[in-house]
Amino acid sequence: EDGIPKKKDYRQFIIENPRDDTASIAQVVARRFKELDEKRPYRPNLLVIDGGLPQVNAAAKALRELGITDVALCGLAKRLEEVWLPNNSEPIIFPRHSEALYLLQKLRDEAHRFAINFHRSKRSKVMLESLLDEVPGLGEIRRKSLLTHFGSVTALKAATVDELASVPGIGGKMAQTIM
């Protein structure tokens, strides 16, 4: 907003029934814009898609199906840094030192950073949950307590028996079982 990332408006989507990249993009665009219509009086002026013509056309179709015609749309294909517009058979090639290209690259890189952190966090939680599921007598409440207390898989694995026992609801006997 006003050229500054508005991180409180960042969103993460878990793709439901992922088929391919274009279907996933269409799903996320539709879900995001439905959410925007419910929570805000205005939409963004520009939607930048990470990808080429197929991804941009999938996003354009999702916007059309929602009746949205007032949002500019483009895609940035990483390999050659080509900028694609919906239904154009040729990309726009900005000069390598173009401020416009630099802005689009920064947007894409920030989206990648955010997505990668989300996926790492999700993967860590799944790994931890599966490890903790195997501990006899450790229910959902205790698992959540451990996750909240240690915050990461790495920290939990590195914990001593005494540190585990200090977590509310765990105690010495359960800490031994976890180890």
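Strands (E, at least two residues) and helices (H or I, at least four) are DSSP runs, numbered from the N terminus. The structure is a predicted model, in which local features need pLDDT of at least 70 and side-chain atom pairs count only at pLDDT 80 or more, while totals for chains, interfaces and linings use all residues. Residues are numbered from 1 along each chain as its sequence is written, and side-chain values use heavy atoms, with hydrogens and water left out.

**Exercise 1. Determine where Glu81 is found and whether Glu81 counts as buried or exposed.**

Solution. Step 1: the loop between β2 (72-77) and β3 (82-84) contains Glu81. Step 2: β2 and β3 form a hairpin with four residues between the strands. Step 3: Glu81 is not a glycine, yet its phi is positive, about 55 degrees. Step 4: the classes are buried (under 20% relative accessible area), exposed (over 50%) and partly exposed in between, with a 1.4 Å probe and protein chains only. Because its relative accessibility is 12%, Glu81 counts as buried.

**Exercise 2. Classify Asn87 by its accessibility and state its phi.**

Solution. Step 1: Asn87 belongs to the loop between β3 and α3 (99-133). Step 2: its phi is positive, near 60 degrees, in a residue other than glycine. Step 3: Asn87 has 61% relative accessibility and therefore counts as exposed.

**Exercise 3. Describe how β2 pairs with β1 and with β3.**

Solution. Step 1: two strands pair if DSSP finds at least two bridges between them. Step 2: β1 and β2 run parallel and are joined by five bridges; Ile49 stands opposite Gly75 in β2. Step 3: β2 and β3 run antiparallel, with three bridges, and Trp84 in β3 is the bridge partner of Gly75. Step 4: five of the six residues of β2 are buried, so that this strand is mostly covered.

**Exercise 4. Which residues make the nonpolar surface patch, and in which strand does Leu46 lie?**

Solution. Step 1: patch residues have over 30% relative accessible area and no salt bridge; like charges are joined within 9 Å, nonpolar side chains (Val, Leu, Ile, Met, Phe, Trp, Tyr) within 5 Å. A salt bridge is a side-chain nitrogen of Lys or Arg within 4 Å of a carboxyl oxygen of Asp or Glu. Areas come from the Shrake-Rupley method with a 1.4 Å probe. Step 2: Leu46, Leu103 and Leu107 make a patch of about 260 Å². Step 3: Leu46 lies in β1 (residues 46-50). Step 4: Leu46 counts as partly exposed because its relative accessibility is 42%.
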